[in-house]
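Thanks for coming. I will take a few minutes to walk through one structure, starting with some strands and ending with a core.

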Amino acid sequence: MRYKISWCLLFTTMLTHFSAFSDELEFSGYARVIGGYLDEKNVEFKGYEDSIKFSPSSLIGFQGEYQFDDKWSATAQVLLRSNNTTASDNSGLEWLYLTYRPTDNIQIKLGKLRTPFFTMSDFSDVGFAYPWINPPQQVYDTYLFKTFNGIDAVYKFGAENFDLSFEGYYGEESGDIGIGALRTGFEVDNLLGVIGKINIENLEFRVSRYNGNIKLDIDEIRQLENVLNSLNFTKSASSVKTKGRAHADQFGVIYDNLDYFFRGEWVRIKTDLGIVPIIQSYYLY
């Protein structure tokens, strides 16, 4: 089976900064419309069939920002998706957070935030921000969750020939995720991430590390784990446990001088859960 996406219409800039009621309150937005089909009959893949459909990748985003003063602001974003084909891609409130900027070099966010797992996490739904129809699925189509509740802090340092930033965040999240064909509830706490980024003219390098405690809500597997433990089959029980630590490492590089570009990203995701596969993937463009 060959999977073909035909992008019939893609408009992502028409709604950007479309309205502002006052100097303090500003609304902006974007839209992405993608049509696709499969060239095989009587099959389905990620919501596409053998006739053109404008889901699941089409969406509309609306964002509002209120500036209290030169240090404090509030931001909210709502996403309306054409179809919820994955557990983590539901319509609704995407962001809701306060931002505090005590200096030009420091920014602190608190609330419901986008999880910065990847280089393009913050704008992965904004089609005009990257040169593809969708972000490379080798990396971005994983079981990682897109948002979390917590705090995020960034320190930026600028020099004559380069810019450097360090970012750290801490929080928790719960909801639904898809692990292969399995859809399951999950809880993550003690989510801790650190990110380092350096920009040298048109070149950017990004490296990051994430850790957290994960718990999956799969009753059948949890019952099997309890039975194995009761029979003293501890090794077998450990192989199907639904609670443990998760770790992720990521490295990304971007070069873009408007005439030529290069992008690459590598990620390795590992958990203590035997039922969750280790992911190691990359892309180069």
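Before the strands, one term: two strands pair if DSSP finds at least two bridges between them. Also keep in mind that this is a predicted model.

Start at strand E5, residues 72-81. On one side, E5 is joined to strand E6, residues 92-103, by eight bridges. These two strands run antiparallel. The other partner to look at is strand E4, residues 59-67, with nine bridges to E5, again antiparallel. E4 and E5 make a hairpin, and four residues lie between them.

In E4, the residue opposite Val 78 is Phe 62. In E6, the residue opposite Val 78 is Leu 93.

Next, Leu 98, which sits in strand E6. Its relative accessibility is 37%, so Leu 98 counts as partly exposed. Setting aside neighbours within four places in sequence, Leu 98 is in contact with Phe 68, Ser 73, Ala 74, Ile 108, Lys 109 and Leu 110. Take Ile 108 from that list: Leu 98 and Ile 108 are 10 residues apart in sequence, and their C-alpha atoms are 8.2 Å apart.

Now the largest nonpolar core, which has 32 residues. The members that touch the most other members are Phe 117, Phe 118, Phe 145, Tyr 169, Leu 216 and Ile 269. Several elements each supply at least two residues of this core, among them E6, helix H1 (137-140), strand E9 (163-179) and strand E14 (279-284). Strand E10 gives the largest share, four residues.

What does Phe 118 touch, not counting residues up to four places away in sequence? The contacts are Val 139, Tyr 140, Thr 142, Leu 144, Arg 206, Tyr 210, Gln 250, Glu 265 and Val 267.

Last, Thr 242, in the loop between helix H3 (234-239) and strand E12 (243-256). Is Thr 242 buried or exposed? Buried means under 20% relative accessible area, and Thr 242 has 3%, so Thr 242 is buried.

Key:
Residues numbered from 1 in each chain as written. Predicted model: local features only at pLDDT ≥ 70, side-chain atom pairs only at ≥ 80, totals over all residues. Heavy atoms only, no water. Buried < 20%, exposed > 50% of the residue type's maximum accessible area, 1.4 Å probe, protein only. Core = buried A, V, L, I, M, F, W, Y, C linked by side-chain atoms within 4.5 Å. Contact = heavy atoms within 4.5 Å.
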